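Please look over the model below before reading the numbered points. They are meant to be checked against the coordinates one at a time.

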Amino acid sequence: MSRERDEDHAMSRERDENHEPDGLDEALSAWVDGELSREAEAQLRATLESAPELHARAQKFRAVDEALRGMAAPEVSPEFAARVRRAIEEQSSAAESGANVLPMSGLRRVAPWAAALAAGLAVVFVMSSREGSVPSEMAEVPAATLQPETVDSWSDLADAELEVALELEALEDFEVIEQLEVLELLVAFDDDSAFDENTQGLGS
Amino acid sequence: MDDTDPDVRLMLALRDGDESAFEPLFDRWAAPLLRYLERMVRDTATAEELVQETFLRVHRARERYVPEARFSTWLYRIATNLALNELRRPRQRRPHTSMDDDTAAPLGLSSASSSQDDRVHARRVGEEVMRELEKLPERQRMALWLSAVEGQSYAEVAAALDASEGSVKSLVHRARSSIVERLGQWMDPVDTKKSKLGER
């Protein structure tokens, strides 16, 4: 199910970004953003001289930006700031003491029951696989894919949770289990590695 | 490395063990980040969680921080990834509890002075634009916000969205264009606008 969702998302992203551009209008938008090259800007200015309606269009584009900028920015409440500071301190002291901190604050709240449920699911899976009811490719996941060192992103998990999560990674395609939201949450542990990959070259 | 960016210098100090460097980074970026995430996930409580998570990740990554772009580019990349993950997560959404929902006061055009009219009009346009923004596909919404409100270059937006600059140019244009088309007369200059406001 999550794979279908990802595919849908990828298709919608492709549609969203690979459309046939309306050259002049797109150039006008880029001009408003100061993103045209010198030559392209000169070309556009020449076109604008004989097309007053384009000036009006550019003015509307600017009006959209101004309207967005004009909306009041929320202030960060002292309570929220204190909460973040506390979370940072907890994370730091947990790291110093060698304890583990779960990645998402929301996940932290559900982790105990999620881990318990996941453990149950893992047991069901293992028993099912022994009875031969699991697709053979699932039962033959190479041991190397389950080694902790191959999933650095989960290094924040407690050992017991890590074991369950690793077991569940192999179950990701197992249709019945996949529909459970808890699996979605556990798969979300992988976010950290996605971040490491996605933010490489930017600052980490 | 962008060593002219004061935030990069703070981040380097944090990396080198100066925990006090975190505070000014948070003070400077928490509000714009909250504003951005609130508009993206359309829920204040969720946006706050994501802001917290963004800063937790920044703090967690401090020891291996190597500046290769502006600090804000990295920060928004993290926040954008979190927002996209949140938006893809199937769950029942809470109603939108935007911090400025209570600013949508009824209009009182008949007795308003000209400058008051302008202000009222500007606010109504702002609210309408914001509503239309929230209807846009997520990546168009993010691209337009980062470019128009946060003042990021297409290259920076591209880094935040993991897209090409060409895609960002297209996303921003389509977002703006959709809003202008949908709002139609609302985008007309203010002097021709007053009677139309009354009609709505």
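This is a predicted model: local features need pLDDT of at least 70, side-chain atom pairs count only at pLDDT 80 or more; totals for chains, interfaces and linings use all residues.

1. Chain B overall. Chain B is built from nine helices and has zero strands. Of its 200 residues, 57% count as buried. Among contacts in chain B with a separation of 6 or more, 67% are between residues 24 or more positions apart.

2. The nonpolar core. The largest nonpolar core has 80 residues. The residues with the most contacts inside this core are A:Leu68, B:Leu37, B:Phe55, B:Phe71 and B:Leu144. H2(B) gives the most to the core, with eleven residues.

3. A:Leu68 in that core. Which residues does A:Leu68 contact once its neighbours within four places in sequence are left aside? They are B:Val129, B:Met130, B:Leu133, B:Leu144, B:Trp145 and B:Val149. B:Leu144 is itself listed among the residues with the most contacts inside the core.

4. Aromatic pairs. The count over all chains is seven aromatic pairs. In one of them, A:Phe80 and B:Phe26 have ring centres 6.4 Å apart and planes at 45°, so the pair is tilted. This pair crosses between chains, from helix H5 (residues 78-96) of chain A to helix H2 (residues 22-41) of chain B. Both A:Phe80 and B:Phe26 are buried. The rings of B:Tyr65 and B:Trp74 also form a tilted pair, because their centres are 5.1 Å apart and their planes stand at 40°. B:Tyr65 and B:Trp74 are both buried.

5. Ring cluster and a charge over a ring. A:Phe80, B:Phe22, B:Phe26 and B:Phe55 are linked into a cluster by ring pairs. In chain A, A:Arg62 lies over the face of A:Trp31, at 5.1 Å from the ring centre.

6. Helix H2 of chain A. H2(A) is mostly covered, with eight of its ten residues buried. The buried residues are A:Asp25, A:Glu26, A:Ala27, A:Leu28, A:Ser29, A:Ala30, A:Trp31 and A:Val32. They pack against H3 and helix H4 (52-70) of chain A, and also against helix H7 (154-161) and H8 of chain B.

7. The loop after H2(A). H2(A) is followed by A:Gly34, which has a positive phi near 65°. A:Glu35 is found in the loop between helix H2 (23-32) and helix H3 (38-49) of chain A. Is A:Glu35 buried, partly exposed or exposed? A:Glu35 counts as partly exposed because its relative accessibility is 28%, and the buried class is under 20%. Not counting residues up to four places away in sequence, A:Glu35 touches A:Ala30, B:Ser153 and B:Tyr154.

8. Helix H8 of chain B. Helix H8 (residues 165-183) of chain B has 19 residues, and its first and last C-alpha are 27 Å apart, close to the 27 Å expected at 1.5 Å a residue. Buried residues in H8(B) include B:Ser167, B:Val168, B:Leu171, B:His173, B:Arg176, B:Ile179 and B:Leu183. After H8(B) comes B:Gly184, with a positive phi near 50°.

Notes: Residues are numbered from 1 along each chain as its sequence is written. Chains are lettered from A and ligands numbered from 1 in the order in which they are written. Side-chain values use heavy atoms; hydrogens and water are left out. Helices (H or I, at least four residues) and strands (E, at least two) are DSSP runs, numbered from the N terminus. Buried means under 20% relative accessible area, exposed over 50%, partly exposed in between (1.4 Å probe, protein chains only). Contact means heavy atoms within 4.5 Å. Rings of Phe, Tyr and Trp (its six-membered ring) pair if their centres lie within 6.5 Å; planes under 30 degrees apart count as stacked, over 60 as edge-to-face and the rest as tilted. A charge sits over a ring if NZ of Lys or CZ of Arg is within 6 Å of the ring centre and within 35 degrees of the ring normal. The expected span of a helix is 1.5 Å times one less than its number of residues. A nonpolar core is a set of buried Ala, Val, Leu, Ile, Met, Phe, Trp, Tyr and Cys residues joined through side-chain atoms within 4.5 Å.
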